[in-house]
Amino acid sequence: MATAGGVLIKDYQTPAIGYGPGNEKVIHGPDEYVEVDKIVEAVYGTAAIVHSLIGVPVFGWTTDNI
């Protein structure tokens, strides 16, 4: 998966933040890996970010609530 972060920064001078479940020490290398638990955590984190950006309250969320 890729992001438009580079385009936002270079072409539109818009700040961007990289966010994901991977380990920065092994990204784009021959032994790259992502732990399954981190993928699940990142999905919830992404949902919380998006919901907060559009004004949906997310305080107190747990995996049991979703």
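Is His 28 buried or exposed? His 28 is exposed, with a relative accessible area of 75%; here buried means under 20% relative accessible area, exposed over 50%, and partly exposed in between, with a 1.4 Å probe and protein chains only.

1. Basis of the note. This is a predicted model, in which local features need pLDDT of at least 70, side-chain atom pairs count only at pLDDT 80 or more, and totals for chains, interfaces and linings use all residues. Residues are numbered from 1 along each chain as its sequence is written, and side-chain values use heavy atoms, with hydrogens and water left out.

2. Overall content. The chain has 2 helices and 0 strands; helices (H or I, at least four residues) and strands (E, at least two) are DSSP runs, numbered from the N terminus. Of its 66 residues, 5% count as buried. The chain exposes about 5,900 Å², and carbon and sulfur atoms supply 61% of that area. Accessible areas come from the Shrake-Rupley method with a 1.4 Å probe, and for residues only the protein chains shown count as cover.

3. Helix 2. This helix covers residues 36-54. At 1.5 Å a residue, its 19 residues should span 27 Å, and the end C-alpha atoms are 28 Å apart, which agrees; the expected span is 1.5 Å times one less than the number of residues. Gly 55 follows helix 2 and has a positive phi, near 95 degrees.

4. Positive phi in the loop. Gln 13 lies in the loop between helix 1 and helix 2, and His 28 is found in that loop too. Phi of Gln 13 is near 50 degrees, a positive value in a residue other than glycine. For His 28, also a residue other than glycine, phi is positive and near 55 degrees. Gln 13 is exposed, with a relative accessible area of 61%.

5. Thr 14. This residue is found in the loop between helix 1 and helix 2 and is partly exposed, at 34% relative accessible area. Leaving aside neighbours within four places in sequence, Thr 14 is in contact (heavy atoms within 4.5 Å) with Leu 8 and Ile 9.

6. Nonpolar surface patch. Tyr 19, Ile 49, Val 50, Leu 53, Ile 54 and Val 56 form a nonpolar patch on the surface, with about 600 Å² of accessible area together. Patches are made of residues with over 30% relative accessible area and no salt bridge, with like charges joined within 9 Å and nonpolar side chains (Val, Leu, Ile, Met, Phe, Trp, Tyr) within 5 Å. A salt bridge is a side-chain nitrogen of Lys or Arg within 4 Å of a carboxyl oxygen of Asp or Glu. Tyr 19 is placed in the loop between helix 1 (5-12) and helix 2, and is partly exposed at 48%.
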